Structure formats: C-alpha cells, structure tokens
Amino acid sequence: MRGLHIEARCRLQINRRSQSQAQAHLGGLLEGLRWREGWSECGGVMLSRRQRKKKRREDMNPILLELAELDFNMVQATHQEDLKQVSRWWKSTGLGEKLSFARDRLMENFLWTVGITFQPQFGYCRRMLTKVNALITTIDDVYDVYGTLDELELFTDAVERWDINAMDQLPDYMKICFLALHNSVNEMAFDTLKEQEFHIIRYLKKVDELERGDVPKSIQCYMNETRC
C-alpha cells in the first residue's frame with residue numbers, strides 16, 4: 001500500500017510539472033502571436049504611410065518641385081557666399097588666433113543672422129550683423145574673462161573717445177581687439193553713409209555698450225565703491 005501511495009504521488013508531481021511546462025509553452029506561443037499581431041499592425045501602418053507618400057508623389061507637380069529645388073539651391077548658394085566673405089573677414093582680423101581665450105563663434109553668429117534675415121536680397125545685412133555679433137562676443141570675453149580692471153578702464157576710455165591714438169596705452173591683445181572694432185565699425189559706417197547718407201557710428205557704439213551690459217558705467221561704479 002505504501003508503495004502504491006508513493007507511486008501515486010510521483011505521478012501527481014510529474015503531471016503537475018507537465019502541466020506547468022505546457023502552460024509556459026502555451027504562454028510563449030500566445031506572446032509570440034501577440035508580438036506578430038503587433039508587428040503586422042506596425043507593418044500595416046508603415047505600409048499605409050508608404051502608400052500615402054507614394055500617392056503624394058504621384059499627385060505632385062514636377063514643375064513646382066523643380067522650381068522649389070532651384071529656389072533652395074539659389075538661397076543656399078547666396079548664404080554660402082555670405083559665409084565665405086565673413087570668414088575671410090574674421091580670419092583677416094586675427095581675433096580667433098591672437099585671442100585664444102575668446103569664443104570663436106563665427107558660424108553660430110552667422111546662423112543667428114540667417115534665422116533673422118534669410119532672404120537672398122539681405123546679404124549685406126547678414127554679413128554686417130555677423131561681424132557686429134562676432135565683435136561683441138569677443139569684447140564680452142575681454143571684459144568678463146581676461147582683462148584686468150586697469151586694462152578694461154583703458155580700453156573703455158579708448159572706445160568712448162574713438163581715437164586711434166588711444167590704443168598706444170593698451171596691451172597687445174587689446175590693441176588687436178580695438179583696431180578690429182575700430183576698422184570694422186568705420187567700414188560699416190562708411191558704407192551706410194555712402195549708400196544711405198546716414199551717420200551711424202554713435203549708434204553702433206551704443207549697441208556695443210548695451211550688449212556688454214553698460215560696461216563703462218559698471219567699471220566706474222566699481223572703482224567708486226572700491227575707491228580705486
């Protein structure tokens with residue numbers, strides 16, 4: 001009797017194991033079916049997208065597409081020419097090489113101007129804005145990163161006087177920065193005066209001062225507080 005009882009228990013355990021294995025196998029099959037079903041739905045969505053895209057292509061006007069591509073290529077070529085010109089100007093200033101502490105963000109400044117005035121006819125505006133932003137970025141680093149208080153006082157005085165003779169007292173790196181600023185601003189002012197008969201140097205100096213957070217007044221306040 002005891003042997004029959006043990007045999008019955010063994011058969012029961014075997015049946016339970018077989019049942020659990022069968023359930024696990026069945027669960028795997030169901031999961032596979034669900035996965036295949038989901039994949040088929042995904043494939044159906046992808047297929048429908050392809051069909052819609054193909055339909056759009058069939059409904060597309062090839063002449064309009066060709067004109068759009070030509071327009072894009074013309075605008076891109078104009079922007080590339082603008083970038084070449086400002087790149088040559090930036091390299092000629094030597095600011096990127098001589099002032100290693102300053103940010104070299106010419107491309108970033110150019111793309112910012114493209115976002116504002118992307119139209120091909122505004123190439124001069126893009127180039128001049130890129131130059132102004134590049135100079136402002138460099139001068140901002142001179143004030144915030146590298147220059148000492150005494151040097152910044154001399155530089156501020158030179159900019160306010162807008163006198164080329166004032167740069168004699170500046171350190172070498174500031175001489176390059178001031179001369180690049182002086183020549184570039186005067187060039188823009190000359191072009192504007194020639195084309196529009198309007199003098200803009202005093203406005204460009206104010207823009208530079210505002211972008212730097214009114215640095216001259218900040219230096220004066222600091223010197224008064226510290227009694228320098």
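Reader: Which hand does the crossing of H4 and H5 have?
Author: The crossing of H4 and H5 is right-handed. Keep in mind that this is a predicted model.

Reader: What angle do the axes of H4 and H5 cross at?
Author: Roughly 135°. Helix H4 covers residues 106-116, and its axis comes within 9 Å of the H5 axis.

Reader: Why is that pair called oblique?
Author: Angles over 145 degrees would count as roughly antiparallel, and 65 to 115 as roughly perpendicular. The H4 and H5 axes cross at roughly 135°, so the two helices are oblique to each other.

Reader: Which residues make the contact?
Author: H4 brings Leu106, Asn109, Phe110, Trp112, Thr113 and Val114. H5 brings Arg126, Leu129, Thr130, Asn133, Ala134 and Thr137. By class, the contact of H4 with H5 has six nonpolar, five polar and one charged residues.

Reader: Let's pick Thr130. What does Thr130 touch?
Author: Thr130 is found in helix H5. Leaving aside neighbours within four places in sequence, Thr130 is in contact with Val86, Leu106, Asn109, Phe110 and Thr113.

Reader: Is Thr130 buried or exposed?
Author: Buried. Its relative accessibility is 0%, and under 20% counts as buried.

Reader: How many residues of H5 are buried?
Author: 17 of its 24 residues, so H5 is mostly covered.

Reader: What span should H5 have?
Author: At 1.5 Å a residue, the 24 residues of H5 should span 34 Å. The end C-alpha atoms of H5 are 33 Å apart, which agrees.

Reader: Now H2. At what angle do H2 and H5 pack?
Author: At about 40°, with their axes 10 Å apart. H2 runs over residues 62-93 and H5 over residues 123-146. H2 passes H5 in a right-handed crossing.

Reader: Which residues of H2 and H5 meet there?
Author: From H2, they are Thr78, His79, Asp82, Gln85, Val86, Trp89 and Trp90. From H5, they are Gly123, Arg126, Arg127, Thr130, Lys131, Ala134, Leu135 and Thr138. By class, this contact of H2 with H5 has five nonpolar, six polar and four charged residues.

Reader: New topic. What phi does Trp162 have?
Author: A positive one, about 50°, although Trp162 is not a glycine. Most residues other than glycine have a negative phi.

Reader: Where is Trp162 found?
Author: In the loop between helix H6 (149-161) and helix H7 (172-196). Trp162 counts as buried, at 15% relative accessibility.

Reader: And Cys177, what does that one touch?
Author: Cys177 lies in helix H7. Not counting residues up to four places away in sequence, Cys177 touches Leu95, Leu99, Thr138, Ile139, Val142 and Phe155. Cys177 counts as buried, at 2% relative accessibility.

Reader: How many residues apart are Cys177 and Thr93 in sequence?
Author: They are 84 residues apart in sequence. In space, Cys177 and Thr93 are 8.4 Å apart, C-alpha to C-alpha.

Reader: Last one, the whole protein. How many helices and strands are there?
Author: Nine helices and zero strands. Of the 228 residues in the protein, 30% are buried.

Reader: What share of the contacts comes from residues 24 or more positions apart?
Author: Among contacts with a separation of 6 or more, residues 24 or more positions apart account for 59%.

Key. Residues are numbered from 1 along each chain as its sequence is written. This is a predicted model: local features need pLDDT of at least 70, side-chain atom pairs count only at pLDDT 80 or more; totals for chains, interfaces and linings use all residues. Side-chain values use heavy atoms; hydrogens and water are left out. Axes are lines fitted to C-alpha atoms, for helices over the stretch in contact, and angles run from 0 to 180 degrees between N-to-C directions. Helices (H or I, at least four residues) and strands (E, at least two) are DSSP runs, numbered from the N terminus. A crossing is left-handed if the near helix is turned anticlockwise from the far one by less than a right angle, and right-handed if clockwise. Contact means heavy atoms within 4.5 Å. Ala, Val, Leu, Ile, Met, Phe, Trp, Tyr, Cys and Pro count as nonpolar, Asp, Glu, Lys and Arg as charged, and the others, Gly among them, as polar. The expected span of a helix is 1.5 Å times one less than its number of residues. Buried means under 20% relative accessible area, exposed over 50%, partly exposed in between (1.4 Å probe, protein chains only). Angles under 35 degrees count as roughly parallel, over 145 as roughly antiparallel, 65 to 115 as roughly perpendicular and the rest as oblique.
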